[in-house]
Each structure stands twice: as structure tokens, then as C-alpha cells.
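These are my notebook entries on one protein model.

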Amino acid sequence: MLSPGEAVFADMLAQLKPTTPMLQFVDVLQDLGFYTWSVPQVKDLRATGANKVISGVVLEGKPEKMVPKHQIPFPIKMYRPRELPKNSARMNVFPNHVSPIVATWVANQRGIEPKTCHFVLGGSTLGFFATQKNPSKANRYLIQKHEGTIYVQKTHIFTQDYTGVPFQFERLLTGIPMAHKHPEQTEHLQLLRLFDKWTVLCSAEADGMDEVGNTVEIKSKKESGTKLLFQMVSNGSCYVVSGVFAGKFNLVGTETTSLAEIAQEISPVFVECSADRIKTALELLEQAELQPTRVYSLHFEDSAGENSKRPVLTDLTGSREFPPFLPNSAVLSKLFP
């Protein structure tokens, strides 16, 4: 099912752990490969049958391969968004954004029993736990539980404009003309072990793929820090490729930064507390008496600790603004008989 190159991220992580405190609590148990989400013609996840919930899954889907740097004719003038045809989507809402239950179904097709996973997380969740930076009031990290597994779903609903420079840059680096439609969402599935205690299924977007099959994170502007580090851990990226610009639209080159380099740049203060913050959030969710018919949100409040906040669970059941994000029990029983 997996090509030999897809094990490289796990090998890199294992090599980094002895000298990289930020990564010492993470192990890759199994690389479950990629899948693509082709947006199906359905609207409401809660009112959709089992077959339609998974109708957008392309099991053989993979991210686009990265174009070798020497084949890109720098400098390149990027388009101004107004120069391109309208290309947008309402994101982080089903069906435009893949549901965690879809990721669980794909993992099940590849031999993973859902009940063996303590958590199912998206690409931004570990970074959210580590930084403790709450999203805006209109957005939440929602929590639901089903048969012992705890699902976390970000609800940052917004309209994504794919004509912007960051998406042009991503298309350019993966061999797609900048003015073309953005490709469908491809996810990388990994089974992680955190703190030698929790088995975590992680599904995170894969921007591109290198010549040996590893996920590559793509950023039009150079980024660093805890959030990027755990985004790369979540999607299995060994390195990130960022753009070098002379002005807003003139791309003159790219820069590659490894996972190890990003980890080494993080302040020792965050190194000391990030693992504790993630562990505290997971412990709270594990110990809470979460009811399978209810939906909760998690946020962080100031506490007496200098470098940490207190995680707080809120029951949002009945909220019209934040409805359940898992299908109903009848659909779940058909997806996982």
C-alpha cells in the first residue's frame, strides 16, 4: 500500500528525538498513506446517509509532486488576485472540508480499528494545545466522543480565496499553472503515539509530495515556531519550502527549512512548556465524562501559571451555531459495523 519513501518521516523523527526536546513525546506507529477528498454533492452531514458521507473519498489520491527547484524559471511575476477568475470555497465545513469521521473510515479501510484510537485530531490541533491561542469567538475547537474515541474538529468557517499569492505559490511548486483551479484537498494519515500513552489518528492536509513520497509543507512566506512545527508533525513533513520575494508579487526563489531546524529555533521557554500543555489538554479530554450524544468546545483561560493557561470544556449541545460534527448513530453504525 505504501511506497518505501513514505517511511522517511518516521525515521527522521526517531533520529531527532534524542536531541530535540520538542519532539521527544511523539512516535509514529504507522504511516497510513494519503487520500484525496473530492467534494461530493451533499450538504448536511447530519442528514446524509453513510454512502454519501464517504462518497468524496479517493483512496488512491496523492498530493501533487514538487517541481525540482532548478526547473522553476525565477524570477516569476505572481498574478494579482483580481487578474484571475473567481476561485473560492467555504472552508472548514462539510462537504468542502473533510470530516474527521471520513479520516477514521479511511484508516479503517487500511486496517485500523477505530476503537483502538484514543483521539482523532486534525492538522492544527497539537499546535492549538501547545500554543494555547484560542481562535476568535466565532470559531471553536469542538469535541465529540463515539465508542471511546474522542474527536476534535476546528470550526473556523471562512471563505477561502484560491486566487491569492499563497495558493498561486503552492500551485507553481507542484507543477500546476498559477492561474488554474486549485487541486482537491489531499490528506496524510498517520497513527501516532503520544507520551507512550495515547494512540492518536492524525489527518492533516498535504500540500505537496517530494520525489520519494514524503509530504512537503509549502508556505509562500517563511514561518517558524511551535504552530508550524506541530503542523509538520501532524502531516508528516520533513521540511517546509517557503518563497523568497522582492516585493509583494515578484518571486525570486525558494528556501527549504528542515523540521530539525524549525525545532532548534524555538525558544527554550516554549520547549519546556509545550509538551506539558499538550499532555494537560489530552488528560482533560480523557478524564472528562464526555457523553456521546453531546458536543463540547475546548478553550484556554488565564491561570496562575506563568507559562500556561487552564483548559476549559464547555457543553454546547443544542447550539444552532455549533451543531454536532459527527454523523448520527445510525450512519456511524453503518460506517463501522
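**Entry 1: Phe 94**

I began with the contacts of Phe 94: leaving out residues up to four places away in sequence, Phe 94 touches Trp 37, Val 42, Lys 43, Leu 45, Val 53 and Ser 99. I took contact to mean heavy atoms within 4.5 Å. The model is predicted, so I note that local features need pLDDT of at least 70 and side-chain atom pairs count only at pLDDT 80 or more, while totals for chains, interfaces and linings use all residues. Residues are numbered from 1 along each chain as its sequence is written, and side-chain values use heavy atoms, with hydrogens and water left out.

I placed Phe 94 in the loop between strand S4 (88–91) and helix H3 (100–109). Helices (H or I, at least four residues) and strands (E, at least two) are DSSP runs, numbered from the N terminus. Is Phe 94 buried or exposed? Its relative accessible area is 12%, so Phe 94 counts as buried. The classes I used are buried for under 20% relative accessible area, exposed for over 50%, and partly exposed in between, with a 1.4 Å probe and protein chains only. I also looked up one C-alpha to C-alpha distance: Phe 94 and Lys 77 are 17 residues apart in sequence and 35 Å apart in space.

**Entry 2: Thr 36**

I found Thr 36 in strand S1 (residues 26–37). With a relative accessible area of 8%, Thr 36 is buried. Which side chain makes a polar contact with the side chain of Thr 36? I found that of Thr 186, at 2.9 Å. A polar contact here is a pair of N or O atoms within 3.5 Å; within protein, one must be able to donate a hydrogen and the other to accept it, and residues adjacent in sequence count only if both atoms are side-chain atoms. Setting aside neighbours within four places in sequence, I listed the residues in contact with Thr 36, among them Gly 56, Val 57, Val 58, Glu 184 and Gln 185.

**Entry 3: Lys 17**

I located Lys 17 in the loop between helix H1 (8–16) and S1. Lys 17 is buried, at a relative accessible area of 17%. Not counting residues up to four places away in sequence, Lys 17 touches Leu 23, Gln 24, Val 26 and Asp 27.

How many of the nine residues of helix H5 (residues 165–173) are buried? I recorded eight, and the helix is mostly covered. The buried residues include Phe 167, Phe 169, Glu 170 and Arg 171. I looked up what covers them: the cover includes strand S3 (76–77), strand S8 (158–161), strand S12 (215–219), strand S13 (237–245) and strand S14 (250–258). After H5 comes Gly 175, with a positive phi near 80°.

Gly 243 lies in strand S13 and counts as buried at 12% relative accessibility. Beyond four places in sequence, I found Gly 243 touching residues that include Phe 169, Lys 219, Leu 251 and Thr 254.

**Entry 4: backbone**

Most residues other than glycine have a negative phi, and most peptide bonds are trans. I therefore noted the exceptions below.

- The peptide bond from Phe 74 to Pro 75 is cis, with omega near -5°; Pro 75 is in the loop between strand S2 (57–58) and S3.
- Phe 195 has a positive phi, near 60°, and lies in the loop between strand S9 (185–194) and strand S10 (198–205).
- Asp 196 has a positive phi, near 55°; Asp 196 is found in the loop between S9 and S10 and counts as exposed at 62% relative accessibility.

**Entry 5: the whole protein**

I recorded nine helices and 16 strands in the protein. The radius of gyration is 20 Å, close to the 20 Å that the globule rule gives for 337 residues, so the protein is as compact as a globular protein of that length. This radius is taken over C-alpha atoms, and the rule is 2.2 Å times the number of residues to the power 0.38. Along the principal axes, the C-alpha atoms fill a box of roughly 55 × 45 × 40 Å. Buried residues make up 52% of the 337 residues.
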